[in-house]
Amino acid sequence: MAVTDPFALFDAWLTEARASEINDPDAMAFASADERGRPSVRMVLLRRAGPDGFGFFTNLDSRKGRELLANPWGALSIHWKSLRRQVRAEGAVEQVSDSEADDYFASRGRESQVGSWASDQSRPLESRELFEQRYREMDQRFEGGPVPRPPRWSGFRLVPDRIEFWSDRPHRLHERRLFTRHDGGWSEGLLYP
């Protein structure tokens, strides 16, 4: 079977999804595991995709941040219901560079930047009012100037060694294309549905 670039295929599918998905075509379920191997999964927004991997941004002290720093492996799944397609990927996870985190943080809306300072992500919250008060305090703190990236806010990149592309077919005769990384390149095969 011909070897194809999985990231070119992903880019084509994501482009189609951006035209057909009503909300968040870049939303993905991301799974991590703690140091004991207990998994957890949550939705995050894909912010980078290319030959170096699939990237997203978060607070390093969040549950996912702590888990990925302790156990740098992950898996993701993106489902585009309107297209009846899914992409899954698995592999090692690495933290992005400070400059990449700075660049992405600077591209966010000011309210989201301020919210990053106000939130102790994944920590217990006494009340919604407390969170809103912290937000107002951070908003005043940075009033009239740029909002710098918080020291514990960064991003991660899943560097896949497996990427699967699933397409719905009639009678549950779905198509599953599996790309596996080998010696810097990719091999492609099919899986039974």
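Predicted model: local features only at pLDDT ≥ 70, side-chain atom pairs only at ≥ 80, totals over all residues.
1. Strand S2 covers residues 39–45, and its side chains alternate. Ser40, Arg42 and Val44 point to one face and are buried.

2. Strand S1, residues 27–33, pairs with S2 in the antiparallel sense over 7 bridges. Within this pairing, Ala33 has Pro39 of S2 as its bridge partner. The two strands form a hairpin with 5 residues between them, and Gly37 in the turn has a positive phi of about 90 degrees.

3. Ala33 also turns up in the surroundings of Asn71. Asn71 sits in the loop between helix H2 (63–70) and strand S5 (73–80). Not counting residues up to four places away in sequence, Asn71 touches Ala33 and Asp34. A polar atom of the Asn71 side chain lies 3.4 Å from the backbone oxygen of Ala33. As for Arg134, 63 residues from Asn71 along the chain, the C-alpha atoms of the two are separated by 31 Å.

4. Now to helix H1, residues 6–20. At 1.5 Å a residue, its 15 residues should span 21 Å, and the end C-alpha atoms are 21 Å apart, so the two values agree. At the start of H1, a side-chain oxygen of Asp5 reaches to within 2.9 Å of the backbone nitrogen of Phe7.

5. Which residues of H1 are buried? They are Pro6, Phe7, Leu9, Phe10, Trp13, Leu14 and Ala17. Because these residues cover an arc of only 150 degrees around the axis, they lie on the same side of H1. Arg18 and Ala19, on the other side of H1, are exposed. An α-helix has 3.6 residues a turn, so residues three or four places apart point the same way.

6. Strand S7 (153–167) deserves a point of its own. Of its 15 residues, 12 are buried, so S7 is largely enclosed by the rest of the structure. Strand S4, residues 53–59, runs antiparallel to S7 and is joined to it by 6 bridges, with Thr58 opposite Ser154. Strand S6, residues 85–95, pairs with S7 in the antiparallel sense over 11 bridges, and there Ala89 has Ile163 as its bridge partner. S7 and S8 are also antiparallel, over 6 bridges; in that pair Ser167 stands opposite Glu175.

7. Between S7 and strand S8 (175–182) is a loop that holds His174. Is His174 buried or exposed? Its relative accessible area is 11%, so His174 counts as buried, the cut-off being under 20%. The His174 side chain makes a polar contact of 3.2 Å with the side chain of Asp168. Leaving aside neighbours within four places in sequence, His174 is in contact with Trp166, Ser167, Asp168, Arg169 and Pro193.

8. Finally, the record. In an unreviewed entry, UniProt lists residues 14–140 as "domain: Pyridoxamine 5'-phosphate oxidase N-terminal". In the model this span is 37% helix and 34% strand, with its end C-alpha atoms 38 Å apart. UniProt also lists residues 153–193 as "domain: Pyridoxine 5'-phosphate oxidase dimerisation C-terminal". That span is 0% helix and 73% strand, and its end C-alpha atoms lie 39 Å apart.

Terms used. Residues numbered from 1 in each chain as written. Heavy atoms only, no water. Helix = DSSP H or I, 4+ residues; strand = E, 2+ residues; numbered from the N terminus. Buried < 20%, exposed > 50% of the residue type's maximum accessible area, 1.4 Å probe, protein only. Polar contact = N/O pair within 3.5 Å; in protein donor to acceptor, adjacent residues only side chain to side chain. Contact = heavy atoms within 4.5 Å. UniProt positions renumbered as here; feature names shortened; annotations may be inferred. Expected span 1.5 Å × (residues − 1). Arc of directions from axis to C-beta. Pairing = 2+ DSSP bridges.
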